[in-house]
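Please look through the sequence and the model shown here before reading on.

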Amino acid sequence: MRAFLSTLCATLAVTAGSIGLVYAQQNGPQTPIFRGATRIVSVIATVTDAGGRLVPGLEKEDFSILDNGKVQETTVFQSTVEPLSVVVMLDKSASMTANLDLLNQAAEQFLMRLLPLDKGQVGAFSDKIELSGTFTSNRDTLIAALKELQFGNPTRLYDAINESMAALKSAEGRKVVLVFTDGDDTSSRLGFGDVLERARKEEVMIYAIGLQSEYFNGASMVRSRPDRNLKKLAEETGGGYFELTKTAELAPTFSRVAQELHSQYILGFTPTVFDGKEHKLLVKMRTPSMTARHRKSYIADTDRGEGQ
């Protein structure tokens with residue numbers, strides 16, 4: 001598991017979305033400039049070497065973007081940080097009762113690593129779904145809100161992800177859901193397909209952390225495993241999936257997600273056709289030892305560039 005985790009933790013994240021707000025390298029990190037370019041598909045990428053280490057200092061020529069198998073001209077390249085809006089959604093169902101303190105401490109590690117222009121909300125799900133209210137850059141406020149989240153039973157995993165995306169609907173910058181769970185969805189109204197379709201349409205990147213855990217269900221000890229579809233949901237949206245076996249791995253994994261989100265390249269291209277259909281995306285690296293993980297598709301809408 002440790003070997004798997006070290007490799008998976010540092011792979012590539014790619015998503016398609018409008019450029020909108022990006023960062024000029026000459027202005028330094030977290031210095032925004034606005035671009036008015038229309039019909040641009042952005043690809044947000046994290047690159048790692050054969051040992052799973054993040055690779056800084058790459059140039060545009062190190063990347064190739066394929067749209068439905070055809071190489072595209074990379075017209076935008078940026079290696080500085082774009083701000084993000086993130087919802088950290090935590091499973092606080094009955095199976096997590098013994099590990100809630102450790103989970104909160106791990107989530108704090110992520111929140112402490114948000115940058116000044118990043119904004120976030122925190123939430124929890126069980127038989128109900130809670131969100132802290134409004135997006136804020138105040139890390140102390142977000143950490144304090146963690147302690148106010150309630151726990152219960154059962155597990156509305158997919159409804160919680162959907163509510164997180166609803167909160168991100170009018171948010172600025174990259175849109176990210178970081179969800180944690182230790183079990184299967186047991187009572188959501190929505191299913192995996194519904195959530196994936198919305199994530200694709202609204203270009204939300206989903207990171208998922210799953211924990212295999214043991215708990216007493218009132219009659220006997222039960223071992224839980226995270227929902228099997230979470231990995232696919234993360235892969236399809238360009239996020240990352242991490243499945244843990246020990247609570248000691250929680251804090252390093254939450255920290256790793258923050259590091260990955262702040263170590264990404266922004267690429268952009270103009271599609272040759274806008275047919276309203278789903279297009280397959282593929283990112284290749286010039287150096288074979290480098291690894292790419294990326295969103296699998298985007299929708300070639302004709303109104304791209306009008307706020308998308």
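**A guided reading of the model**

E203 is buried, with a relative accessible area of 13%, where buried means under 20% relative accessible area, exposed means over 50%, and partly exposed covers what lies in between, for a 1.4 Å probe and protein chains only. This residue sits in the loop between helix 5 and strand 13, and its phi is near 55°, a positive value in a residue other than glycine. Most residues other than glycine have a negative phi. N68 also has a positive phi, near 50°, and is found in the loop between strand 6 and strand 7 (70-72); at 43% relative accessibility, N68 counts as partly exposed.

The model is a predicted one, in which local features need pLDDT of at least 70 and side-chain atom pairs count only at pLDDT 80 or more, while totals for chains, interfaces and linings use all residues. Residues are numbered from 1 along each chain as its sequence is written, and side-chain values use heavy atoms, with hydrogens and water left out.

Taken as a whole, the protein has 7 helices and 20 strands, these being DSSP runs numbered from the N terminus, with H or I and at least four residues for helices, and E and at least two residues for strands. Of its 308 residues, 54% count as buried. Among contacts (heavy atoms within 4.5 Å) between residues at least 6 apart in sequence, 79% join residues at least 24 apart.

The interior can be followed through its nonpolar cores, a nonpolar core being a set of buried Ala, Val, Leu, Ile, Met, Phe, Trp, Tyr and Cys residues joined through side-chain atoms within 4.5 Å. The largest has 33 residues, and those with the most contacts inside it are V88, F110, L111, L178, F180 and F254. At least two residues of this core come from each of several elements, including strand 9 (84-91), strand 12 (174-181), helix 3 (139-146) and helix 7 (250-261). Helix 2 gives the most to this core, with 6 residues. Leaving aside its neighbours within four places in sequence, L178 is in contact with V86, V87, V88, M89, F110, Y207, I209, F254 and V257. Apart from this core lies another, of 23 residues, with F192, L196, A199 and A208 among them.

How do the helices pack against one another? The axes of helix 2 and helix 3 come within 10 Å and cross at roughly 165°, where axes are lines fitted to C-alpha atoms, for helices over the stretch in contact, and angles run from 0 to 180 degrees between N-to-C directions. That makes helix 2 roughly antiparallel to helix 3, since angles over 145 degrees count as roughly antiparallel, under 35 as roughly parallel, 65 to 115 as roughly perpendicular and the rest as oblique. The contact is made by N104, A107, E108, L111 and M112 of helix 2 and by R139, L142, I143 and L146 of helix 3.

For helix 4 (residues 157-167) and helix 5 (residues 192-202), the axes come within 9 Å and cross at roughly 20°, which means that helix 4 is roughly parallel to helix 5. In this pair, Y158, I161, N162, M165 and A166 in helix 4 meet F192, V195, R198, A199 and E202 in helix 5.

F63 lies in strand 6 and is buried, with a relative accessible area of 5%. Not counting residues up to four places away in sequence, F63 touches A45, V47, L58, F77, Y265, L267, V283, K284 and M285.

D62 is placed in the loop between strand 5 (47-48) and strand 6 (63-67), and is buried, with a relative accessible area of 9%. With residues up to four places away in sequence not counted, D62 touches K284, M285 and R286, and its side chain reaches the backbone nitrogen of E59 at 2.7 Å. H294, in the loop between strand 19 (291-292) and strand 20 (297-299), counts as buried at 6% relative accessibility, and its side chain reaches the backbone oxygen of L281 at 3.4 Å.

Technical notes. Polar contact = N/O pair within 3.5 Å; in protein donor to acceptor, adjacent residues only side chain to side chain.
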